[in-house]
Amino acid sequence: IRDFCLSRGLGDVYRDSAGEALRSLGNFLEAEPHLKAVMMAGFRRPAEGTARRVVGALAAYARLQASRGQPRATEPDNRDGLLRASRAHLTFGEICYDRQDTPGLLYHALVGMNLALRAGGASAELARGYAGTAMIGIHAKPLIDGDRFRTLAVEAAQALGNAATTSWVYMVASNYDFALGRWDLAEEEAHVSVRAALASREIKDWEVSVSTLGNIRRLRGHFRAADAVDQEVFESGRDRGVPQVMLWALTGRLKNMTACNEIDECDRLLERLRALYRDDLNRLNAAASNEIALRVFSCLDHLRGQRDAEAKTDLLRAAELYAGLRDPQVYMVDPIGFILDAIRALLRRQPKDASLAKASTFFAKKSAALAGIYPAAQARRELARGDAAHLRGLADRAAGHWRRAVAAAMAYEMPFDAAMAHHRLSSLPDLPPGERAEHAARCAERLTGLGLAQPQCWTL
C-alpha cells in the first residue's frame, strides 16, 4: 500500500492513514513520525520540546481567541492538506494525553483546532477540534470555557450526522464530564459514543468509551459493574492484539478485584500485567499510569506475602513515577486510594521509616493538586491529608480531614470514599468510643450498600 501511494503522489494520504492506524493499535512510537510528516506537509514543522510547545500553545490560544472559535466563511485551495494536518495534530494530542504530556496536549490540540477553523466550513476535524479544546479547558479553566466548546463539538457532530465523528466527539465529551464529576451525563455520553462506534466500526473509540464507563462506576464504588465492562475491553484488546488496551483493562480489573477481595483473581491478573511489561515495546508505548498501577498492586501482593522490602521498593517506584506526571489525567484519581492503603500498611510495619513518611507527605500534596483540577478528587485529598497529619501525631487535624472526606465523598455520590474515611475515623483511638462505633457502623453501611465486605487492603 505504501509503495502504491508513494508512486502516485499520495504520500500524505498514506502517512495520514498509517499514523491513525498505528495510534489505534497503541503503537505510539511508530505513529509519531507519520503524524509529524502530515503536519509538516499540510502546515509546518511541529514544535518540539516543552518550552517551544508552551510558546506554540500560547500563540495558538491567541489565534483561537481572535477567531472566537468560528471557522472561515470561505474554504482555501489547500483545504484538504489543512484538514489532514489538523487531524494529525489532534491525533497526536490524544497520544500526548495518554502519555500525560500536558504541554504537548495543549499545543497539538490548539494547533489542530486552529487548522480546522482555517480550513473553513463544516468538517469532522472541526468537531474533533472543539471536543479537544473542551478537554484542555479542564487544565486551563480561566482561559478556555470548556462547557462552550463541548457544546460546539456536540452540535457540530450532530450537524454532520456522521457516526464515526459522533463516536469520537461523545467519547471526549464523556471524559470531559467525567473529569468534572458529572457522572450521569458522562455515562449517557459514553453510551452514545458506544452505539456510534459500533455503527461505524470505530473499535478504538468503543474501547475508550467502555473503559470510561468502568472508570465512572469504579469511582462511584460499583466495582463489580465496572469489572464487567473492563472484561469486555480486555477481550477486545486481546482479539485485536493491542497490548495498550489490555493494559488499561487489566489495571482496571486489578482495582476492581482488590476492592472485592478476589485475591486469587488479583494474582492471576497481576501475572498477566507483569507478562505484558516484559515486552520492551509494550513498556515503551505504555503510559506511566499503567506502570504506577503495576507497582501499586505488586506492592499490595508483596504485603500479603509478608515481603515488606519488595513492597517498599514497589511503592517508592510508584511515587517516583507519579512525581514525573506534570498534570495527571483524571484516571489518576483512581489509584490514590490503593496507594494510601499501601503506605498505611507499610507504616504499620515500619513506623519509623523516613522514606514512607516522605511518601505520605508527597501523596497528600499530589492529591491536593488533583483536587484542584478534578472536583471528585476532593475526598481523596482529605484522606491523604488526614493520613499525613495522623503520621505527624496530629490526631485532631487528621480527624478533621477525614470528616471532610466523608462530606466531599457524599457530595459527589462516592460512598466507597466515604467508607474509607469512616474506617479511618473508627480506628482513631483519640475519638470517644461512641463516635468510633458510629463511624464503624457507617462504614459497614456504606460497604453493604455497594455489595462489598471490608477490603483486605485496608488492614494489611
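## Before we start

Because the model is predicted, local features need pLDDT of at least 70 and side-chain atom pairs count only at pLDDT 80 or more, while totals for chains, interfaces and linings use all residues. Residues are numbered from 1 along each chain as its sequence is written, and side-chain values use heavy atoms, with hydrogens and water left out.

## Rings that pair up

How many aromatic pairs does a search of the whole structure find? There are seven. Rings of Phe, Tyr and Trp (its six-membered ring) pair if their centres lie within 6.5 Å; planes under 30 degrees apart count as stacked, over 60 as edge-to-face and the rest as tilted.

Tyr130 sits in helix H7 (residues 124-137) and Phe149 in helix H8 (residues 146-160), so the pair links distant parts of the chain, 19 residues apart. Helices (H or I, at least four residues) are DSSP runs, numbered from the N terminus. Both Tyr130 and Phe149 are buried; here, buried means under 20% relative accessible area, exposed over 50%, and partly exposed in between (1.4 Å probe, protein chains only).

Phe416 and Trp458 make another tilted pair, with 5.7 Å centre to centre and 45° between the planes. Phe416 belongs to helix H22 (residues 415-426), and Trp458 to the segment after helix H23 (433-449), so the pair ties together parts 42 residues apart in sequence.

## Charges over rings

Now look for arginines above ring faces. A charge sits over a ring if NZ of Lys or CZ of Arg is within 6 Å of the ring centre and within 35 degrees of the ring normal. Arg128 lies over the face of Trp168, at 4.5 Å from the ring centre. Arg148 lies over the face of Phe149, at 5.0 Å from the ring centre.

## Two loops with positive phi

Most residues other than glycine have a negative phi. Arg201 is not a glycine, yet it has a positive phi of about 60°. You can find Arg201 in the loop between helix H10 (183-200) and helix H11 (203-219), where it is exposed, with a relative accessible area of 72%.

Gln306, also not a glycine, has a positive phi of about 60°. Gln306 is placed in the loop between helix H16 (288-304) and helix H17 (308-323), and its relative accessible area of 58% makes it exposed.

## A proline with several contacts

Pro328 is in the loop between H17 and helix H18 (336-349). At 6% relative accessibility, Pro328 counts as buried. Which residues does Pro328 touch, not counting those up to four places away in sequence? They are Gln100, His139, Tyr322, Leu370 and Tyr374, where contact means heavy atoms within 4.5 Å. Ser360 is 32 residues from Pro328 along the chain, and their C-alpha atoms are separated by 18 Å.
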